[in-house]
Amino acid sequence: MKLKSVKKPAFPWFGMDIGGTLVKLVYFEPKDITAEEEQEEVESLKSIRRYLTSNVAYGKTGVRDVHLELRELSMCGRTGTLHFIRFPTAAMHRFIQMGRDKNFSSLHTTLCATGGGAYKFESDFRTTADLELVKLDELDCLIHGLLYVDSVGFNGHPECYYFENPSDTQACVKQPCSLAHPFPMLLVNIGSGVSVLAVYSKDNYKRVTGTSLGGGTFLGLCCLLTGCETFEEALEMASKGDSTKVDKLVRDIYGGDYQRFGLQGSAVASSFGHMMSKERRDSISREDLARATLVTITNNIGSIARMCAVNEKIERVVFVGNFLRINTVSTKLLAYAMDFWSKGQLRALFLEHEGYFGAVGALLELLKASEDP
Amino acid sequence: MATYVEAVRGSHSMDKSITLPPDEIFRNLENAKRFAIDIGGSLTKLAYYSTVQHKVAKVRSFDHAAKQESDGEPLYEISVQEEITARLHFIKFENTYIETCLDFIKDHLVNTETKVIKATGGGAYKFKDLIEKKLKLKVDKEDEMSCLIKGCNFVLKNIPHEVFVYAKHGDSEFRFQNTHPDIFPYLLVNIGSGVSIVKVEAEDRFERIGGSSIGGGTFWGLGALLTKTKRFDELLQLASRGQHTSVDMLVKDIYGGAYGCLGLTGDLIASSFGKSATAEKEFSKEDMAKSLLHMISNDIGQLACLYARLHNLSRVYFGGFFIRGHPVTMHTITYSINYFTKGEVQALFLRHEGYLGAIGAFLKGAEEDNPNQYCWGENYAGSSGLLSVSPELNPMQRERSGTFDMLEMDRLERQLVNLPLLQDSSSYIPDTVDLTEDTLAREYWLCCFEEALDGVVKRAIASQKDQPEAAERAEKFRQKYRDKLQTLRHQPFAYGSLTVRSLLDTREHCLNEFNFPDPYSKIKQKENDLALKSYQRVLKTLEELSWEQRQIALVRGLLAGNVFDWGAKAVSDVLESDPEFGFEKAKQQLQDNSGMDIILGVFPFVRELLSRGTEVVLASNSGPALNDVTNGELQILTERIAAMDPAIHLSEDRLTLVQSGSSSPCLDLSRLDKVLATVVRERGTDLVVIEGMGRAIHTNYYAALSCESLKLAVIKNSWLADRLGGKIFSVVFKYEVPSIIQGHH
């Protein structure tokens with residue numbers, strides 16, 4: 001659908017990223033509404049604004065990440081707050097129904113969506129809620145959103161951070177930094193699966209590779225192995241477990257370092273390798289299994305990212321995606337893996353708004369289209 | 001990462017119930033030395049060097065100066081002598097048999113000065129005490145990875161058709177690759193419990209450039225947790241029955257279809273186990289195992305590709321217990337490599353992958369015997385062949401013979417190299433038809449060799465009339481060769497590409513195995529004798545012809561001689577039934593002219609070349625094969641002809657006799673005697689004449705040489721004649737001028 005060329009798009013301003021597991025929604029709440037404007041505001045619009053901004057949870061599974069909201073943000077001549085909301089893709093149909101119930105289509109707004117779900121659910125939006133989606137490429141949105149959020153900063157603080165002394169668990173600390181000169185960067189987006197992009201400028205990038213071992217794999221395996229049901233639960237267990245009871249380390253095989261090849265005794269030789277033995281299977285906890293799953297997936301992503309960085313000759317590796325949400329085990333492990341295996345050549349960078357860039361990019365597209373003559 | 005896997009069967013209960021047949025399993029232990037052992041998670045591989053005493057037929061010229069020739073006196077004498085050759089033995093068996101095997105070895109090991117046994121593999125330390133106690137040998141541990149690489153180099157250099165690509169849905173599952181003259185550099189991806197990626201640049205130069213902890217141990221360990229299935233083999237069987245799409249999140253599950261602009265198809269896995277993040281559904285063991293297999297194979301394939309690209313390597317071999325004899329894993333790895341490199345890199349597998357560690361450990365212990373200085377050849381009679389113990393492929397055989405798998409390699413007496421005149425040695429394929437791919441041809445030839453077996457047995461017995469036990473040995477030969485044919489019917493790929501040449505060579509190996517070194521020596525002697533008597537008459541006839549007529553007559557002579565082929569059943573039937581079938585009849589079959597095999601066919605031709613000033617290098621087999629002339633016989637014949645014909649005389653710059661290095665009725669131009677190659681190069685050979693059905697039709701029919709060549713043969717097989725669109729006893733006369741290769745200016 002071609003976007004209408006109007007001066008400013010009609011409220012509400014949404015950007016949506018419908019992934020394999022999670023839907024990410026950003027909502028711009030204007031704070032500079034004049035009394036006049038408020039009077040003219042239709043009831044349904046008001047109701048949407050109140051519903052979104054006065055709650056932090058929606059239904060059983062929707063969540064607003066209050067700690068991530070960007071305040072006093074100026075967008076397209078308006079000032080307001082950008083809200084970050086997520087809910088499982090499995091709840092998409094309920095969301096669409098809500099759109100119908102709240103008579104969303106009467107607002108004549110444009111709904112910009114990216115992610116695979118923009119395609120998958122397009123006809124549901126149309127038939128159920130009488131809404132036309134503007135489908136946007138997910139990688140374009142990801143990069144644009146990321147660069148934008150980094151440029152506006154996180155309420156006066158940098159959006160980006162890295163870990164100082166990543167190879168030393170005691171001295172490893174999170175340090176804010178700036179992505180002032182971001183290019184070239186290797187962008188590793190860890191959602192249900194993983195995409196690896198080499199980004200040379202805002203509009204010049206290529207998808208280098210991807211892997212199916214991503215956040216979905218971590219959660220899927222954890223559910224099967226431990227009976228847990230949510231990402232939070234899985235991470236909680238992982239934080240308490242010991243993966244060395246599950247994984248076979250170099251020292252378990254060689255008694256120490258494998259010096260011939262410079263492998264440390266503490267390196268994992270075989271993920272889940274101990275689980276080949278029945279005695280070992282009987283002696284581990286669910287927490288150990290969750291931890292091993294997390295470490296396995298994370299290390300593998302680190303290793304692919306590192307190889308891509310070397311092949312593409314890029315030193316800056318930026319990790320994003322919702323797999324990294326509340327997941328310091330993984331972020332620290334990635335920081336360590338980049339640093340250690342590259343002998344300090346590569347640096348892992350992270351962003352506070354991990355999984356929301358696609359949605360932000362979709363919103364930007366809405367605003368940009370409106371600015372065009 | 002390391003190949004070591006902890007034995008998972010809780011207790012390693014020793015199975016002592018089996019009895020080992022000494023003729024079949026640990027053979028030639030009497031003179032065995034230089035033991036090496038590689039103990040993995042479930043399989044033990046034992047290696048040793050031994051000598052084999054063989055009967056060989058030798059020819060020796062009578063002292064003709066001392067006595068006048070008389071009728072009935074053969075022109076040379078044949079004697080059967082004992083010859084000692086070196087052989088390498090490799091035996092693979094399950095760890096449960098290790099104690100029985102060690103006892104067996106101890107009991108049969110006599111006259112050995114061996115003091116140490118080289119050991120590698122993760123299990124080496126666990127069984128160290130047992131080995132030392134049983135064998136009274138000191139266990140000397142060797143680094144696993146260096147053994148692996150050493151073994152890999154050895155098989156790549158010495159075993160033709162060692163390497164194959166796997167194509168599950170292809171005409172033949174296994175497509176064997178040419179041995180590349182230069183094996184380096186390559187990447188070896190060893191998938192044990194973890195994965196090691198090793199770059200090998202030279203015999204002793206290699207580096208572990210990377211690896212992954214997600215390997216065979218992950219499949220096994222995680223698989224055991226998810227499916228409560230304990231055994232690796234069973235997990236693979238589960239996986240081969242499963243549907244991964246119920247567990248994995250595919251691109252189409254996210255997009256509703258393909259993600260076109262990135263070229264991601266709908267069926268691509270977006271997130272492994274992505275659908276299992278729910279407590280509401282139960283997943284079947286099969287589906288989870290399949291999903292796990294895909295996840296791990298894809299991941300390894302991806303990493304291998306990233307490393308191959310980074311180091312600019314195109315030859316990537318896969319090994320380790322995850323791969324070993326498992327079509328399922330070979331398929332998923334192949335698929336993954338193909339996907340990630342867009343077809344630019346092929347996943348390569350090795351026939352003897354399971355033996356690499358043992359071979360390497362053995363080589364480390366055998367350095368004083370200089371095994372790397374020699375060329376070695378796979379002995380088809382003593383080797384089990386690919387997948388002989390694969391449970392999924394061959395459950396019957398597994399029941400019958402336990403799980404013993406063998407590889408035997410003979411030390412070749414000669415250094416073998418490429419013919420320098422091959423236009424492109426890396427793309428040269430000796431064999432004309434690959435019977436692994438051509439089902440019709442395969443069925444025909446297997447039947448043909450089976451039918452000919454009676455005749456061969458008879459001939460073998462007849463060649464040793466003076467030995468009463470010859471019949472018994474011949475029967476054993478029959479049994480062995482018939483078993484081989486049977487194996488090849490079910491597993492045509494067992495010894496690499498199945499070809500007429502490999503069928504012939506296997507038969508020669510089996511004959512040798514039962515001490516029938518040269519069943520045709522006496523027939524050859526008689527024929528040579530007869531032919532020699534006609535030599536001058538043939539020459540006289542030829543000399544009376546005009547130049548042009550003579551050229552035609554010479555070629556006919558060459559071809560007529562070629563009819564005398566005991567390998568061709570159509571001919572051997574006639575020859576067996578009609579001992580008087582002579583040269584005159586042969587020429588009638590050709591509806592024309594003159595001469596017998598080498599003496600009446602080749603020598604007049606050679607003589608014509610010599611008389612026009614052409615230098616001639618006459619190459620013949622080093623060892624016996626059917627009734628083909630051997631270099632030893634040819635030496636004597638040439639001397640005898642030279643004595644009656646001044647035009648034939650051996651000299652450095654006129655006529656040279658060289659052995660080909662081959663003992664086969666066929667000819668592999670990439671494995672020729674080094675001396676022959678040197679002579680060819682030094683003398684600037686500009687014409688190659690290849691004669692005979694084995695050498696010019698079954699092999700080398702399509703061989704492209706960098707000089708002019710002449711390939712000629714009589715088709716003595718009606719099926720083949722039909723196939724080539726002619727009649728039996730039709731002639732192939734193929735003169736080829738090399739196509740011009742574009743070179744640098």
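Figure 1. Chain B has 745 residues, and buried residues make up 59% of them; a residue is called buried when its relative accessible area is under 20%, exposed when it is over 50%, and partly exposed in between, with a 1.4 Å probe and protein chains only. The secondary structure of chain B comes to 22 helices and 23 strands, which are DSSP runs numbered from the N terminus, with helices (H or I) of at least four residues and strands (E) of at least two.

Residues are numbered from 1 along each chain as its sequence is written, and chains are lettered from A and ligands numbered from 1 in the order in which they are written. Because the model is predicted, local features need pLDDT of at least 70 and side-chain atom pairs count only at pLDDT 80 or more, while totals for chains, interfaces and linings use all residues, and side-chain values use heavy atoms, with hydrogens and water left out.

**Figure 2. The interface of chain A and chain B.** The contact takes 58 residues from chain A and 56 residues from chain B. About 4800 Å² is buried between the two chains, with carbon and sulfur atoms giving 65% of this area; buried area is the accessible area (1.4 Å probe) that two parts lose on being put together, summed over both. Across this interface there are 18 residue pairs in polar contact, both residues being at pLDDT 80 or more. A polar contact is a pair of N or O atoms within 3.5 Å, and within protein one must be able to donate a hydrogen and the other to accept it, while residues adjacent in sequence count only if both atoms are side-chain atoms. Among the elements that give two or more residues to the side of chain A that touches chain B are helix H6 (138–152), strand S13 (204–211) and helix H11 (286–312) of chain A, and H11(A) supplies the largest share of that side, ten residues.

**Figure 3. Helix H3 of chain B.** This helix, residues 144–158 of chain B, has 15 residues and reaches 21 Å from its first C-alpha to its last, close to the 21 Å expected at 1.5 Å a residue; the expected span is 1.5 Å times one less than the number of residues. Because 14 of the 15 residues of H3(B) are buried, the helix is largely enclosed by the rest of the structure. At the start of H3(B), a side-chain oxygen of Asp143(B) comes within 3.3 Å of the backbone nitrogen of Met145(B).

Figure 4. In chain A, a cis peptide bond joins Phe183(A) and Pro184(A), with omega about -10°, and Pro184(A) is in the loop between strand S10 (173–177) and strand S11 (185–190) of chain A. In chain B, the peptide bond from Phe184(B) to Pro185(B) is cis, with omega near -10°, and Pro185(B) lies in the loop between strand S7 (174–176) and strand S8 (186–191) of chain B.

**Figure 5. Asn190 of chain B.** Asn190(B) has its place in strand S8 of chain B and is buried, with a relative accessible area of 2%. Its side chain reaches the backbone nitrogen of Gly320(B) at 3.3 Å.

Terms used
Contact = heavy atoms within 4.5 Å.
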